[in-house]
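Hi there,

Here is the structure I promised to send over. Have a look at it first, and then read on for what I found.

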Amino acid sequence: MSWMQTLTTHAATRWVAGGLLAAGGWALYQTATAQTTAPSLPPSDPDPAPVEHRESPSAEAVPAPPTENGTADALHTEPSPADSARIKASVTDRLRAERNHLWRVAAWGSANIAGGLALRLASDQTDTRAFGFQSAAWGVVNVGIAAAGLLSSRDRPTTWRGAINAERRYHDILLANLGLNIGYASVGTAMVVASAYDVDDAAAWRGHGSALILQGAGLFVLDAIAWLGSRRRIVDFLSMPGDLAARSLPVGGALTWRF
């Protein structure tokens, strides 16, 4: 049997074995139905004027305290109530999306623990038992990661910069996970291919490799959905206008556009 036939035959049969594919489908269904949608946010100015022509509509000018000579050295700005509400709503959306993602990872891990243990205990075939062991082990890891995330506290930044920095950190973590998931599936594929070339205990290689392919594929889908949601929220942050600040200089003055 060629390595391609080995890959397609054994990977497909092990994915179906024990109902793990059904469990994965259930997790993905929960992902689609529970995916958080962005809350209704106040619309921003569709055609904001250039910085040099007017102050941002999202900023309310507040004069700085007067100096000794009775003049203000700077014009400070504060976010308008409308933009503060948009920032708060976006932060709440991110926190809710993070929790939903962790719950889905926990559901995926639990399904793998149950299915993997069932296969390990019910079968006497080496490749099926290896598939079950590998799936159950990954399930334990995924449930542990999800539990740690759900129990940890989450920051609630109130400023535009703090909110988008928190969102970007979450976005980058998901992006790194996507790369790792591809790596898991690649290692599994290599193990299944190697099992066709007279390696010791080839059946175990096939079982472990097939389980790795399944884990990489399943986690990739879950992380990709969360990553796309994070990108949408970043775009929403970038659509918010900044704050215009003015300050006096020894000769003349300066305008600063702050995000």
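A word on terms before the details: helices here are DSSP runs of H or I with at least four residues, numbered from the N terminus. Please also keep in mind that this is a predicted model.

By that count, the chain holds 6 helices and 4 strands, and along the sequence they come in the order α-α-β-β-α-α-α-α-β-β. Of the 259 residues in the chain, 41% are buried. Taking contacts between residues at least 6 apart in sequence, 73% of them join residues at least 24 apart.

From first C-alpha to last, α6 reaches 53 Å with its 37 residues, close to the 54 Å expected at 1.5 Å a residue. Helix α6 is also mostly covered, as 27 of its 37 residues are buried.

How do α5 and α6 pack, in angle and in distance between their axes? Helix α5 (residues 160-194) meets α6 at an angle of about 160°, and the axes are 7 Å apart. Angles over 145 degrees count as roughly antiparallel, and therefore α5 and α6 are roughly antiparallel to each other. The crossing of α5 past α6 is left-handed. In the contact of α5 with α6, the residues divide into 25 nonpolar, 10 polar and 6 charged.

Between the two helices there is a loop, and D201 is found in it. The phi of D201 is near 55°, a positive value in a residue other than glycine.

Is Q215 buried or exposed? Its relative accessible area is 0%, and buried means under 20%, so Q215 is buried. Leaving out neighbours within four places in sequence, Q215 is in contact with W108, N112, S135, W138 and N142.

A226 lies in helix α6 as well. With a relative accessibility of 5%, A226 also counts as buried. Setting aside residues up to four places away in sequence, A226 touches H101, Y170 and L174. A226 and H171 are 55 residues apart in sequence, yet their C-alpha atoms are 8.5 Å apart in space.

Best wishes

Terms used: Residues are numbered from 1 along each chain as its sequence is written. This is a predicted model: local features need pLDDT of at least 70, side-chain atom pairs count only at pLDDT 80 or more; totals for chains, interfaces and linings use all residues. Side-chain values use heavy atoms; hydrogens and water are left out. Buried means under 20% relative accessible area, exposed over 50%, partly exposed in between (1.4 Å probe, protein chains only). Contact means heavy atoms within 4.5 Å. The expected span of a helix is 1.5 Å times one less than its number of residues. Axes are lines fitted to C-alpha atoms, for helices over the stretch in contact, and angles run from 0 to 180 degrees between N-to-C directions. Angles under 35 degrees count as roughly parallel, over 145 as roughly antiparallel, 65 to 115 as roughly perpendicular and the rest as oblique. A crossing is left-handed if the near helix is turned anticlockwise from the far one by less than a right angle, and right-handed if clockwise. Ala, Val, Leu, Ile, Met, Phe, Trp, Tyr, Cys and Pro count as nonpolar, Asp, Glu, Lys and Arg as charged, and the others, Gly among them, as polar.
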